[in-house]
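Trainee: I am new to this structure. Please take one part, look at it closely, and then connect it to the rest.

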Amino acid sequence: MVESTGFDVFSLLLVLTLAWVFGNGAERLGYPALMGEILAGIVFGPALLGLLRPAPFLDVFSELGVFLLMVYVGMEVDLHDLFELGPQSLMIAVGGFLLPFGLGYLIGEYVGATLEEALFIGIAMAATSLATKSRILVDLDLLDTRIAGVLLGGALLSDVGIMVVFAGVLGFVETGSVTPVGLATVVAKALGFFVVVLLIGEYLLPVLWRRLESLMQRYGFVDKTSAFSVALLVALSFAYLAAAVDLHMIIGGFVAGMYLRQAQLEPDIYDHMHDVIYDLAMGFFAPIFFVTIGFELTLNVFTEDLALLSIVLAAAFVGKIVGSWLFAVPTKLTSREGLVIGFGMNGRGTVEIIIVSIGLSAGVITQELFSILVFMAIFTTALVPATMKLGVDWLERADELVYMTGDAETGLD
């Protein structure tokens, strides 16, 4: 058995190798790599074979993986797009949040969970995955359709909204009270953080980046690597500010990523920064995080908590799909389009798994509930490609698959 203490090079080698093999296998089957990486952790971790065990150095690498992953996710969010998205995307985001969050909270109340656990169940139900949807839309060649635009816009708004709500819930958990003063303190801290980072992102960072580029042009001693180092310092600074007001560091990393995207750097500098963060996150640190997630899962939920798992899965499907569809009905989208968009919104993925892992490490949720919520994320994400393909075929048969050509919309003839 692999040693579980100290820095073990062989353990690291085995974790990364298994992550690469299982991750690539999942992608070849049309699923996100994270699903294969979690499966590797389940098969080779304590749940089954026991060849790998949790270790402190893996925990450190996992934390870095979560942080860099959220910086990258933030860099995929265009702040200007948030203000330009159409009403359809906004309605989808609202509907895809309210109903699943409400159902998740009610399930928590029904099973006698604590208030904190019920809130985490609601957040897990409401989460979605922008990255997963992007990959599926590319694979199905749907990026130039109306449902793709609305779906990506809804997922984008949903990711930002989830992070804001998560910040509030985490702050509430930290206070440990439901008094008006406690709630006001949580809200004030969260608002203060977002105001400060907004001022830094809008006014200080542009000056910093212009000075950096000026130094590059004048003296030539600041290169692309230095630009990446500055970006990392910015992300860590935002993470520190988040931690200072009792928010999790990933919120700071996520917000930093959004501002790094709009820094208006020279394209080659920004592309280098983006690629390095992507490679570090997706090629090294994040796979370690998802493999170690598998270490924490217990398969007992399929025997001892099967009823609760079934209820959570059913509510997750109904909440996300029906919620998105109901809020799409008042818009110019057809009823079929709203339902297919609900199929796409149903996949949870990265953000949800990160949030529940934080809940587990903070002692807010039990290992059994953690396992149920992670399996919920896996099952819902696994069905997105199949349900989206069936939904698109349905739209084509009904002549309701609308393609976007500039400002015009054309049905499929």
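**A helix crossing and its surroundings**

Mentor: H3 passes H12 in a left-handed crossing (the near helix is turned anticlockwise from the far one by less than a right angle; clockwise would be right-handed). This is a predicted model, where local features need pLDDT of at least 70, side-chain atom pairs need 80 or more, and totals for chains, interfaces and linings use all residues. Residues are numbered from 1 along each chain as its sequence is written, and side-chain values use heavy atoms, without hydrogens or water.

H3 covers residues 56–75, and H12 covers residues 267–296. Helices here are DSSP runs of H or I with at least four residues, strands are E runs with at least two, and both are numbered from the N terminus. The two axes come within 7 Å and cross at roughly 135° (lines fitted to C-alpha atoms over the stretch in contact, with angles from 0 to 180 degrees between N-to-C directions). Ala, Val, Leu, Ile, Met, Phe, Trp, Tyr, Cys and Pro count as nonpolar, Asp, Glu, Lys and Arg as charged, and the others, Gly among them, as polar.

The largest nonpolar core has 106 residues (buried Ala, Val, Leu, Ile, Met, Phe, Trp, Tyr and Cys joined through side-chain atoms within 4.5 Å). H12 gives the largest share of this core, 13 residues. Ile38, Phe120, Phe166, Trp209, Ile250 and Ile365 touch the most other members. Take Ile38. Beyond its neighbours within four places in sequence, its contacts include Phe290, Ile293 and Gly294 (contact means heavy atoms within 4.5 Å). Leu297, Ile353 and Ile378 complete that set.

A second, separate core holds 21 residues, including Ile147, Leu151, Met345 and Val384. Ile147 also meets Val340. Val340 sits in helix H14, residues 335–345. At 0% relative accessibility, Val340 counts as buried (under 20%; exposed is over 50%, partly exposed in between, with a 1.4 Å probe and protein chains only). Trp394 is another contact of Val340. These two are 54 residues apart along the chain, yet their C-alpha atoms are separated by 8.9 Å.

Next comes helix H16, which holds Ser371. Ser371 is also buried, at 0% relative accessibility. Leaving aside neighbours within four places, Ser371 touches Glu296, Leu297, Thr298 and Val301. Past H16 (367–397), the loop to strand S1 (402–405) contains Asp399. Asp399 has a positive phi of about 60°, although it is not a glycine. It counts as partly exposed, at 41%.

Compare one more crossing. H1 (residues 9–28) and H2 (residues 33–44) cross at roughly 130°, with axes coming within 7 Å. They too are oblique to each other, but H1 passes H2 in a right-handed crossing. This contact has eight nonpolar, two polar and two charged residues.

Step back to the whole chain. It has 16 helices and two strands. Buried residues make up 52% of its 413 residues. Of the contacts with a separation of 6 or more, 78% join residues 24 or more positions apart.

How values were computed. Parallel < 35°, antiparallel > 145°, perpendicular 65-115°, else oblique.
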